[in-house]
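Here is a quick tour of one structure, taken site by site. Have a look at it first, then read on.

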Amino acid sequence: PMIYAITPTYARPVQKAELIRLCHTFLLVPNFHWIVVEDAAEPTDLVTNLLKRCGVVYTQLKALTPPEMKLKPRDPNWRYPRGVWQRNEALTWIRNNVPVSREGVVYFADDDNTYSLELFQDLRSTKAVSVFPVALVGGVLLEKPEVSPDGRVIGFNALWEPQRPYPIDMAGFAVNLQLILAKSEAKFSLEVKRGYLESEFIGHLISGREELEAKADLCTKVLVWHTRAEAIKTTGENIRKRKGLPMTNVGFE
Ligand code: UGA
Ligand code: MN
């Protein structure tokens, strides 16, 4: 089966570094199709050139988050959900462009996380919706599904909003392509309570926790980390500006 990894991305000082990191991971994954969706009105040169040089099979899309739903630099990051328009754009692309005969798995790979190669190996056998541990998220070191000795998902250890139907991060599940194609109404919604993005989406695909498949050796391994780059301080650029000097990266992408 082919892996379709959907990555929303937006312009900021660390964007290129994050995408290079992902590119170099994904180069090592066979049968992999990277769907990169820019949060931009038009494709940018930075992302266009990076993808051309990267060597991973890719599709470049764009979907601008409406300005009234976009986080301002001083907003707390939970004010609006992120990556919603972008993931939905990618789902529409998949539904319009991937043949029904194709075997595949869809995974939401945000641009700042860290992915082990074993993860993709494991995801490939997803029959409906698979789940697995995610490190460094939800205020704890490790969020994971609880799995019974016979391999059934019987609960979750999430501390934050544990009453969610599926209390997991975006990085903690994968979906079979056929299910994505069959349930064409499944999209990410803006109408959901904070933190319910994943649960609401998964709710369109299956009818209960008993249908979840435990991956990563029955959820005993960490194969993905919800890393986040710290916001870069560019106060030196402001000082230069006041002195009438150009930005330090003029001429660099
Ligand atoms: C957590 C989850 O890991 C995200 O998958 C989820 O979308 C988010 O919460 C949420 O509740 O909306 P967090 O690390 O806080 O994630 O989110 P980011 O990594 O900042 O954003 C998720 C994705 O959306 C990233 O790929 C990022 O590049 C993209 N994004 C972010 C945009 O496309 N536009 C933005 O303005 C901000
Ligand atoms: Mn993130």
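## The disulfide

The S-S bond of Cys-23 and Cys-54 has a torsion of about 110°, so this disulfide is right-handed. The pair ties together distant parts of the chain: Cys-23 sits in helix α1 (residues 15-26) and Cys-54 in helix α2 (residues 45-54), 31 residues apart. Keep in mind that this is a predicted model.

The S to S distance between Cys-23 and Cys-54 is 2.5 Å, and a search of the whole structure turns up one disulfide. Are the two cysteines buried or exposed? Cys-23 is buried, and Cys-54 is too. Elsewhere, Cys-219 is also buried, with a relative accessible area of 2%.

## Around ligand 1

Now for ligand 1, starting with its polar contacts. Arg-82 has a polar side-chain atom 2.5 Å from an oxygen atom of the ligand. For Asp-111, a polar side-chain atom lies 2.9 Å from a ligand 1 oxygen atom, and for Arg-87 an N or O atom in the side chain is 3.0 Å from one. How much of the ligand does the protein cover? On its own, ligand 1 has 680 Å² of accessible area, and the protein covers 90% of that. Two or more residues of the shell come from each of these elements: β1 (2-9) and α3 (84-97).

There are 19 residues around ligand 1, and Pro-8, Asp-39, Arg-82, Asp-110 and Asp-169 come nearest. Sorted by class, the shell holds nine charged, five polar and five nonpolar residues.

## Two positive phi angles

Two backbone spots deserve a look. Glu-161 has phi near 45°, a positive value in a residue other than glycine. It belongs to the loop between β10 (153-156) and β11 (173-176). With a relative accessibility of 21%, Glu-161 counts as partly exposed.

Then there is Leu-218, which is not a glycine either, yet has a positive phi of about 55°. Leu-218 is part of helix α7 (residues 216-219). Its relative accessibility is 41%, so Leu-218 counts as partly exposed.

Methods: Residues are numbered from 1 along each chain as its sequence is written. Chains are lettered from A and ligands numbered from 1 in the order in which they are written. This is a predicted model: local features need pLDDT of at least 70, side-chain atom pairs count only at pLDDT 80 or more; totals for chains, interfaces and linings use all residues. Side-chain values use heavy atoms; hydrogens and water are left out. A disulfide is a pair of cysteine sulfur atoms within 2.5 Å. Helices (H or I, at least four residues) and strands (E, at least two) are DSSP runs, numbered from the N terminus. Buried means under 20% relative accessible area, exposed over 50%, partly exposed in between (1.4 Å probe, protein chains only). A residue is near a molecule or strand if one of its heavy atoms lies within 4 Å of it. A polar contact is a pair of N or O atoms within 3.5 Å; within protein, one must be able to donate a hydrogen and the other to accept it, and residues adjacent in sequence count only if both atoms are side-chain atoms. Accessible areas come from the Shrake-Rupley method with a 1.4 Å probe; for residues, only the protein chains shown count as cover. Ala, Val, Leu, Ile, Met, Phe, Trp, Tyr, Cys and Pro count as nonpolar, Asp, Glu, Lys and Arg as charged, and the others, Gly among them, as polar.
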